[in-house]
Structures are given as structure tokens and as C-alpha cells.
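Please examine the structure shown below.

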Amino acid sequence: MKALAFQEHGGLDKLRYQDVADPTIGAGDVLVRVRATALNHLDLFVREGLPGLTLPLPFWTGCDIAGDVAQVGAAVRDVVAVGARVAVNPNLSCGRCEYCGRGEHSMCVKYGILGEHTHGGLAEYVKVDARHVLALPAAVSYEDAAAFILVNMTAWRMLVTQARLRAGEDLLILGVGGGVSSTAVQIGKLCGARVWVTSSSDDKLERARALGADECINYAKDDWVKVIGQKTGRRGVDVILENVGAATWKGAIRSVAKGGRIVTCGATSGPIAETDIRLVFWKQLSIIGSTMANDAEFNTVMGQLFAGRLRAIVDTVMPLRDGVEAQRRLAEGKQFGKIVLTP
């Protein structure tokens, strides 16, 4: 089969649209013919190389996958049939540890992500645990399903489960335009919050406003920390969704209200940031980490898509063979929403 693979870690020059070995499924697996895969920053990080992560080369990433079941393992009974349209839950968990026993699969002691720790969906076929495919309604396109999965799993857990965002609260989303931050706008509105967003692009701010954002700040033109302070009477916001990291962390600590919550899932601008501990205890802040979602949250948020209460945010759809240019667009931050690749 064809895959967008690399033989060694490094830059975009290491990626090749090339022939690779077909996946071989186990008794409890299904083989999915990939119809669409969305990109994440994780695709860039894995290709460049992550400390401590050793992968079988050649390797191909791709966590957000939708397609058709092409083959089922011998032990798969009454779960899914050949030809079924499916969306893929990218969680990899052991199912046996204390965290899995509590239903917290993203805390599993052996937790991994399909496309990061095993070969992913930037290929014509992918091997998936049969328990991790979800029937995809005919009304939902493969492209929309792929664009929706990982970012909505992440944003839903961040805002609904971890931060417990409530109606009437102020939510600040830093760096709107990326997948998690863009979809968090509509999740925030679904929760009944007043949503603030920042970006250096007026175009991205307008697109965020179309999704329901109430307050839009261009940080290239204005000091976003001062603007929030002025507009809230120095109170600050109740919840901050943070996935930028070093560049915004200090400002986030200053901008959150007393008793507020900062929930973080990433650090695209760098992982080491300054924290004024005095502000943490004086303002009685909660700093909450969040990774992906558990299986129940996956099913819940996909149900929101199927019911039409949330929608996929697609920036661009491109052929898989053009995956190098697609990853370049992502790396340069030109997208709003998800870049989707189709074999």
C-alpha cells in the first residue's frame, strides 16, 4: 500500500509518499480502508523525533481516521462488519491497569496514541482494535469525521470534564485557529460561556467570531493581558484553555480570575515557562493538565457531531500524495481548523 512515511526523523524532506508493507491484523482487530485522515501538530513532532520514543521505521503518523472496514479479525463477533463506515478512536490503552479500571483510558500506564506509538492513518489502510471503531452515520462525511475526532476529544475533556466550564463563565482561548482552540469556541458556547479568543490574524478572529466567539483580541496589535484586565474590571476570566505554552503562560497566570482554572494540553511554543507561584496561591488557582479523552468521552463528543450540536472545522482537503505541502501549511500556522488528507 501507499503511505506518507519517513525512514528517519527530521524535517519535511524526510517525508515520502511511498510503498510500505500492508498491515496484518490480529484476531481482535479490524483493517480499515482509510478515506480521510486529519493532521495534528503531533504528526510534526513525531516526524521530527520525540525524546524517548523509538519507532519501527519506516513510520507513518495519522491519528484522526475515518474509513470503511475492509477486513475483520477471527475473534471479532457482532461488533462491526466488512463495509461499515467507521470513525476511529485513537486511544491505545492496556485495559487492565488501575486507571483503565476506572475508565480513565488516557491515564493508562501504557497509554499511547494510534499514529504516534503505532502506524497510523496517513496510508491507504490501518490496523485498529475492533473495540475502537464507531459506526459513522451516512450523513457525516469521512472528511468531517476525521477533522473532528482528536481535537474534540481533547477540547471536550479539557472544558467539560477537567475545567467543569459552567454557563455564564468567561472562557479565554489562546491562539485561536488551531484545531483544539477553534473547536473549543463552539464547545464553550455549547456550555453557555462567554468566549474570548486571541490571535495575531484578523481573518482568524473573524472566523472565530462566526463560530460564536464574543470577544476577539489581536495580540499583534494589542496587549491581550491588558485588554482582558480592562474589559473585566481587573477581575480576569474564569477559565483559560492553554495549549500555546511558554509564550503565553505568564500572561495566562495574570489573566485568570481568583479561583479560576487554567487547563492545558500542549506547549507548541515551548514547554518551559515562568510561573509566579505567589499568584497561584494568592489567587487560589487551579492548574489542570489534560490529555486526549477516555473512551466514554470519545463516544459522547462524537454523539454531539452526529446530533449536529457540534460541527467539524475543516481548513483544507488535500490528496495524501501532497502530504508534504499539507504538513508545511500546518507548520507555518496558516490553517484555521483541520487540514484533511485523502488517499
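The model considered here is a predicted one.

By these classes, the lining of the second largest pocket divides into 10 nonpolar, eight polar and five charged residues. The volume of this second largest pocket is about 370 Å³, and 23 residues line it. Nearest its centre lie Leu-114, Thr-118, His-119, Lys-127 and Val-128. Two elements give two or more residues each to the lining of the second largest pocket, namely β6 (91-92) and β8 (125-129). Strand β8 supplies the largest share of that lining, with five residues.

The largest pocket has a volume of about 1,200 Å³. Its lining comprises 44 residues, and those closest to the centre are His-41, Phe-45, Asn-243, Gly-266 and Thr-268. Both helices and strands contribute two or more residues to the lining of the largest pocket: the elements are α1 (41-48), α3 (142-162), α4 (179-190), β11, α7 (246-255), α10 (323-331) and β17 (338-342). By class, 20 of the lining residues of the largest pocket are nonpolar, 21 are polar and three are charged.

Strand β11, named among the elements lining the largest pocket, spans residues 194-199 and includes Arg-194. Is Arg-194 buried, partly exposed or exposed? Arg-194 has a relative accessible area of 32% and is therefore partly exposed, since that class lies between the limits of 20% for buried and 50% for exposed. Beyond its neighbours within four places in sequence, Arg-194 is in contact with Glu-169, Asp-170, Leu-171, Asp-214 and Glu-215. With one of these, Asp-170, the side chain of Arg-194 forms a polar contact of 2.6 Å. Lys-127, one of the residues nearest the centre of the second largest pocket, is 67 residues from Arg-194 in sequence and 41 Å from Arg-194 in space, C-alpha to C-alpha.

The paired strands remain to be described. Strand β5 (residues 85-88) runs antiparallel to strand β4 (residues 64-72), and three bridges join the two. Within this pairing, Asp-68 has Arg-85 of β5 as its bridge partner. Strand β5 also pairs with strand β9 (residues 133-135), again in the antiparallel sense and over three bridges. Here the bridge partner of Ala-87 is Leu-134 in β9.

How values were computed:
Residues are numbered from 1 along each chain as its sequence is written. This is a predicted model: local features need pLDDT of at least 70, side-chain atom pairs count only at pLDDT 80 or more; totals for chains, interfaces and linings use all residues. Side-chain values use heavy atoms; hydrogens and water are left out. Helices (H or I, at least four residues) and strands (E, at least two) are DSSP runs, numbered from the N terminus. Buried means under 20% relative accessible area, exposed over 50%, partly exposed in between (1.4 Å probe, protein chains only). Contact means heavy atoms within 4.5 Å. A polar contact is a pair of N or O atoms within 3.5 Å; within protein, one must be able to donate a hydrogen and the other to accept it, and residues adjacent in sequence count only if both atoms are side-chain atoms. On a 1 Å grid over the protein atoms alone, a cavity is a set of points where a 1.4 Å probe fits but cannot get out, and a pocket is an open set with protein on both sides within 12 Å along at least five of seven lines; lining residues have an atom within 4 Å of a point. Grid points are joined across faces, edges and corners, and a volume is the space filled by probe spheres set on the points. Ala, Val, Leu, Ile, Met, Phe, Trp, Tyr, Cys and Pro count as nonpolar, Asp, Glu, Lys and Arg as charged, and the others, Gly among them, as polar. Two strands pair if DSSP finds at least two bridges between them.
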